[in-house]
Amino acid sequence: MSFKSDLRADFVLLLTAFIWGLAFVYQRTGMEHIGPVTFTFGRFLIGALAILPLWYVMEKPKEIFAINAINKKAALLGLVLTAGMLLQQWGMVYTTAGRAGFLTGVYIIFVPIIGLFFRNKTEWPTWLGVAMAMVGLFFLGQVESDEVFTGDVLILLGSMLFAVHMIFTGRLANQTSPFRLIFVQFVVATIISFVLVPIFEGWDWQGILDAAVALLYVGIMSSGVAFCLQVIGQRTAPASHASIILSFESVFAALCGWWLLDEYLTDPELVGCGLILAGGLVSQLKVLLKQSDGDPIKHPHGVN
């Protein structure tokens, strides 16, 4: 894989991180009107409805819900995504946005560690970048080590599921259309959360209307557009490296909070943003590693 292709994949993933970072603002404002399960249902329903016509225009699929191996794998991945999103949304009810951003970003260390169980090789620049980004996330989140809240545990569990989701997204990204992979997952998430809403929260239609702007952004941009971009980016970027680029989500979340919600960045938070940026740049040292003569830089299918 060429250096140019590496940069293209990194740009796609960085754009994904920005969309997700801005989504934290809308997740906070939307949760002022509806509960976490209802919010999860709304975002995935809108995401699925947004992707379907685009899928038809771009690829004109002959079948959507056929029972085949790819759809089964996508459905299982949808279960992981649903569980991770529900845990994250529930966790945000009980903890601060800064801690939520930090703990969500912890998936960058889970990805290469979990990858070891699948015999996936991760190069040393990526490990160094992970370490730097982890320290940066700690500064950015301003987490006190002697404080652990219920929300922290929920978000941390969700972070582990996001790591699993990222690894298997990398494995499936080259096997099928990104639209199919995402649409099937969103349908699964919509059905599960639809069943859970009356059990845990009940339907609040006025609250849903009040949260419409937040749901539209998170549903169309964060769920629909960004997840498709993630799949496209992970067609060439290994999951361990992609996780570092996507950890910029926490930086963008902090910057968007400052921009839209007047949440000013402290000196430690600025240090954290700088370390995450440095971690992403350090992880790119892999393209400078010595290659054998005539041997281009390669990324295997799936993940490293």
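**View 1. Helix α5 is tucked inside.** Seven of the ten residues in helix α5 (residues 107-116) are buried, so the rest of the structure largely encloses this helix. Here "buried" means under 20% relative accessible area, "exposed" means over 50%, and "partly exposed" is in between, using a 1.4 Å probe and protein chains only. The buried ones in α5 are Y107, I108, F110, V111, P112, I114 and G115. A quick note on what you're looking at: this is a predicted model, where local features need pLDDT of at least 70 and side-chain atom pairs count only at pLDDT 80 or more, while totals for chains, interfaces and linings use all residues. Residues are numbered from 1 along each chain as its sequence is written, and side-chain values use heavy atoms, with hydrogens and water left out.

View 2. The protein has 13 helices and zero strands. Helices (H or I, at least four residues) and strands (E, at least two) are DSSP runs, numbered from the N terminus. Of the 304 residues, 56% are buried. Take the contacts (heavy atoms within 4.5 Å) between residues at least 6 apart in sequence: 92% of them join residues at least 24 apart.

**View 3. Y107 and the cores.** Which residues have the most contacts inside the largest nonpolar core? They are Y107 and F186, in a core of 64 residues. A nonpolar core is a set of buried Ala, Val, Leu, Ile, Met, Phe, Trp, Tyr and Cys residues joined through side-chain atoms within 4.5 Å. Leaving aside residues up to four places away in sequence, Y107 touches S159, F162, A163, M166, S243, L246, S247 and E249. There's also a second, separate core of five residues, including V37, F41, L86 and V197.

**View 4. Where α8 meets α10.** The axes of α8 (residues 178-200) and α10 (residues 212-233) come within 9 Å and cross at roughly 130 degrees. That makes α8 oblique to α10. Axes are lines fitted to C-alpha atoms, for helices over the stretch in contact, and angles run from 0 to 180 degrees between N-to-C directions. Angles under 35 degrees count as roughly parallel, over 145 as roughly antiparallel, 65 to 115 as roughly perpendicular, and the rest as oblique. On the α8 side, the contact uses P178, F179, L181, I182 and F186, and on the α10 side S223, G224, F227, C228, V231 and I232.

**View 5. α3 alongside α7.** The axes of α3 and α7 come within 8 Å and cross at roughly 155 degrees. The two helices are therefore roughly antiparallel to each other.

View 6. T169 sits in helix α7 (residues 150-172) and counts as buried, at 0% relative accessibility. Not counting residues up to four places away in sequence, T169 touches L77, Q230, V231 and Q234. Q27 belongs to helix α1 (residues 3-30) and is also buried, with a relative accessible area of 3%.

**View 7. K60 in its loop.** Look for K60 in the loop between α2 (36-59) and α3 (69-94). Is K60 buried or exposed? K60 is exposed, with a relative accessible area of 59%. K60 also has a positive phi of about 50 degrees although it isn't a glycine. Most residues other than glycine have a negative phi.
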